[in-house]
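Welcome! Please take a moment with the sequence and the 3D view before reading on.

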Amino acid sequence: MVNFGFSINIPRAIDLDRNNLRKSNEIIGEMPELQACIGCGSCTASCTAGNLTEFNFRKVHTLVRRGEYQGAYEEMNKCMLCGKCRLVCPRGINTRGIVMLIKRKLGDF
Amino acid sequence: MTFFAKFCIPFIIGAAILFIVIACKYISWLKNLPRQDLKLIAVNIFSFKSIKAVWEVICESLLHRRIFRVNRMLGYMHMSLAFGWFLLIAVGWIETVAYLGFKWVPLQGHVFFKYFAVLNSINEHKPLFDFVMDLLLLFVLSGVGLAWFKRVRSRALGMKRTTKHVAFDRMALSALWFIFPLRLLAESCTAAIYGGGSFLTGGIGILLSKTMSTYTLEMIYEPLWWLYSIALGTFFVAMPFSRYMHIFTEIPLIFLRNYRLRPEAKEKSYDNFEVEACSRCGICIDPCQLQSQLGINEVQSVYFLRDRRYNMLQQKIANNCLMCGRCEQICPVGINLNTLRLNSRTSMRNIPNEGRYNYLRGVDRSTGSGKVGYFAGCMTLLTPNTLSAMQKIFSTAREDVWWADKDGGVCCGRPLKLSGESDSAQKMIDYNTELFRKHNISTLVTSCPICLKVFREEYRLEGIEVLHHSEYILRLMKNGKLKVKYTVGSTYTYHDPCELGRGCGIYDEPRAVIEAVGELLEPKHNRKDAFCCGSSVANTAINDSQQLTIATKVAEELDQTGAAKIVTSCPLCKKAIKRGAKTQVVDLSEIIAENIK
């Protein structure tokens with residue numbers, strides 16, 4: 001294959017009927033403001049950690065909301081909690097709170 | 001001579017339980033102190049520090065000087081109860097010695113001396129002692145009266161809001177309120193039947209003997225002493241489990257604090273002294289902006305310490321705090337409220353994870369090669385005006401600068417620490433320290449007070465001078481490397497960032513910088529009393545609209561000064577206040593860059 005310098009995600013389908021949405025519902029129940037996300041990606045664009053490594057907050061929290069928890073805790077652990085994303089979020093979502101909540105729900109504390 | 005009567009039993013049991021519980025608590029706390037703390041005690045116990053501690057105990061535990069600074073009436077209330085009661089005990093002791101000479105008298109003999117004097121038919125009266133004891137009783141009763149009044153109208157004593165108490169506290173409080181009126185009645189009744197007493201107990205005694213028959217007086221005589229003893233006993237039993245534990249705990253706390261013991265990033269045994277020294281006076285409630293501006297209750301330091309003490313602390317309480325430090329600087333007991341809250345958060349959330357932040361290894365995007373390092377900080381990277389102003393200042397002053405994180409760097413670690421993940425934060429601290437060392441800088445300048453605080457407190461940067469850009473700019477101006485023009489008629493007001501002011505004690509440098517370019521108009525709350533902008537990284541519980549409400553209220557006060565520009569020296573404060581202000585909000589560096597000659 002010719003390397004054009006970019007890649008695309010492998011196509012796959014998320015089956016919401018098959019995914020266990022219990023944790024996702026708990027997260028949204030505790031911080032309903034997450035549903036106000038328009039997916040603009042400002043959080044990811046400004047991210048300090050995302051600037052240094054592959055970490056995409058928008059992607060992780062979107063997957064978590066859809067019940068795809070695999071690897072989400074480890075991904076969230078890359079976050080430095082610096083809080084830039086909260087300042088740039090056009091919907092005023094408490095992103096730092098979301099990071100901590102997702103880690104609490106999917107991790108071990 | 002007998003010094004025992006049946007009514008003394010509640011008092012004796014209460015006093016015994018009090019003594020045993022307190023002894024158990026102190027012994028176990030002291031035993032569990034970490035080794036270096038024990039060492040500090042051993043080194044300092046026979047030094048001048050102990051004498052200083054004794055003086056502080058008199059000033060604070062008895063006279064309550066720091067509460068007088070909050071409000072005089074409130075100070076008087078606390079002093080009359082503490083100092084008055086202490087004097088009643090001390091003078092009562094002298095009184096028994098005066099009557100009986102130096103001989104051993106059991107505890108209840110001192111406490112219920114008026115009763116036993118009659119029982120042992122000591123018929124002589126010493127009017128001086130009667131007078132002094134009555135005066136002291138009146139002193140304490142005036143405090144009790146004020147405490148009752150405070151329940152009805154706390155504002156008269158300078159408190160908008162008072163603490164909501166738990167059941168145990170209410171029980172102890174009620175007992176305390178009844179102790180002195182019951183003592184007054186019991187002693188007055190004794191005076192009514194057997195004579196004696198001075199203007200207070202004697203006076204009421206005469207009144208009683210005139211209105212009641214001797215038979216009635218003799219009927220209520222014993223029950224009154226019983227009630228007095230029960231009130232004392234109840235209070236003593238409740239004391240070590242209620243807020244009144246502070247009465248004794250503040251004393252060892254003052255000694256230990258003078259021996260340089262401090263709470264740390266992780267919970268330790270010393271914290272018990274601080275937690276139980278909280279009297280739940282509630283002075284911390286009024287300065288809390290979460291209360292006054294958002295109406296959030298139950299999260300303030302008094303409730304946090306209460307929950308922590310009774311092991312019922314929840315994350316949502318521990319996390320809901322701006323850590324602005326307004327309560328800490330007013331706390332009359334001088335408890336390190338922020339540190340305690342932080343180590344609670346650490347206990348709840350810290351999970352050491354070896355593999356975390358491995359991606360930091362080898363990252364170095366710094367540029368330049370100067371001896372002066374500039375660490376913008378995450379937030380400054382979001383306020384490019386500050387960054388370009390600093391760039392202009394550096395080039396005007398011909399300073400050779402090493403830019404640590406202009407093209408992306410690693411967070412200083414403080415936000416992570418503030419959320420309780422201190423072991424992970426250490427990885428960032430180690431990374432940044434190594435980076436600074438590698439580039440061999442001698443001065444480190446930062447525009448972000450959040451970074452500044454962690455650089456100064458947690459980083460081991462011996463040989464590297466850490467400066468906030470306000471200090472650095474002032475130094476450049478003093479050295480003549482930076483010349484600015486003063487514009488007559490230009491007005492500025494200044495917002496003290498929490499982390500810079502209360503956090504690092506930097507108040508004067510930014511003001512001196514502003515006064516070099518124009519007139520400074522102070523807002524109503526400034527310096528130690530300055531408001532928090534509301535966007536503090538320490539709080540992960542409040543939402544956006546709540547942050548905006550705080551910012552608007554703070555900006556309102558700054559707008560009212562009538563200044564043409566609001567100046568601050570924290571990128572986060574700048575962003576927050578901007579949302580609520582009508583006036584232009586700028587960083588300190590911007591007004592300097594604008595006015596370079």
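Predicted model: local features only at pLDDT ≥ 70, side-chain atom pairs only at ≥ 80, totals over all residues.

## The domains of chain B

Let's start with the overall layout. The domain assignment divides chain B into domain 1 (8-247), domain 2 (282-349), domain 3 (357-476) and domain 4 (481-593). Taken over C-alpha atoms, the centres of domain 3 and domain 4 of chain B are separated by 22 Å. Where these two domains touch, domain 3 of chain B gives 29 residues and domain 4 of chain B gives 27 residues.

On the domain 3 side of that contact, at least two residues each come from helix H19 (378-381), helix H20 (384-396), helix H21 (414-418), helix H23 (449-457) and H24 of chain B. H20(B) provides the largest share of this side, with seven residues. Sorted by class, the side of domain 3 of chain B that touches domain 4 of chain B holds 15 nonpolar, ten polar and four charged residues.

## A parallel sheet of four strands

Now find the open sheet of chain B whose four strands follow the order E7-E6-E8-E9, with parallel pairing. Strand E7 (519-521) and strand E9 (584-587) of chain B are its edge strands, and each pairs on one side only. From one strand to the next, the twist averages 40°. The opening question belongs here: strand E8 (residues 565-568) of chain B pairs with E9(B) in the parallel sense, over four bridges.

A helix accompanies this sheet. Helix H25 (residues 508-515) of chain B lies across strand E6 (491-495), E7 and E8 of chain B, and runs at about 170° to E6(B).

## A mixed sheet of five strands

Chain B has another open sheet to explore, made of five strands in the order E1-E3-E2-E4-E5, and here the pairing is mixed. Strand E1 (367-368) and strand E5 (465-468) of chain B stand at the edges with a single partner strand each, so one side of each has no neighbour in the sheet.

Strand E4 (residues 443-446) of chain B runs parallel to E5(B), and four bridges join them. For one of the residue pairs, look at B:Val445, whose bridge partner in E5(B) is B:Leu467.

## Two helix pairs to compare

How far apart are the axes of H24(B) and H25(B)? They lie 8 Å apart, and helix H24 (residues 469-478) of chain B packs against H25(B) at an angle of about 50°. The two helices are therefore oblique to each other, and H24(B) passes H25(B) in a left-handed crossing. B:Ser470, B:Glu471, B:Ile473 and B:Leu474 in H24(B) meet B:Glu509, B:Pro510, B:Ala512 and B:Val513 in H25(B). That contact has five nonpolar, one polar and two charged residues.

For the other pair, turn to helix H3 (residues 48-62) and helix H12 (residues 246-258) of chain B, which pack at an angle of about 140° with their axes 9 Å apart. H3(B) and H12(B) are therefore oblique to each other, and H3(B) passes H12(B) in a right-handed crossing. Among the residues making the contact are B:Lys49 and B:Glu56 of H3(B), along with B:Ile254 and B:Phe255 of H12(B). The contact of H3(B) with H12(B) divides into five nonpolar, three polar and five charged residues.

## Where the chains meet

Finally, step back to view both chains. Their contact takes 20 residues from chain B and 21 residues from chain A. The side of chain B that touches chain A has eleven nonpolar, five polar and four charged residues.

Notes
Residues numbered from 1 in each chain as written. Chains lettered and ligands numbered in written order. Pairing = 2+ DSSP bridges. Axes fitted to C-alpha atoms, helices over the stretch in contact; angles between N-to-C directions. Contact = placed C-beta atoms within 7 Å. Nonpolar A, V, L, I, M, F, W, Y, C, P; charged D, E, K, R; others polar. Parallel < 35°, antiparallel > 145°, perpendicular 65-115°, else oblique. Left-handed = near helix turned anticlockwise from the far one by under 90°. Domains from an automatic or database assignment.
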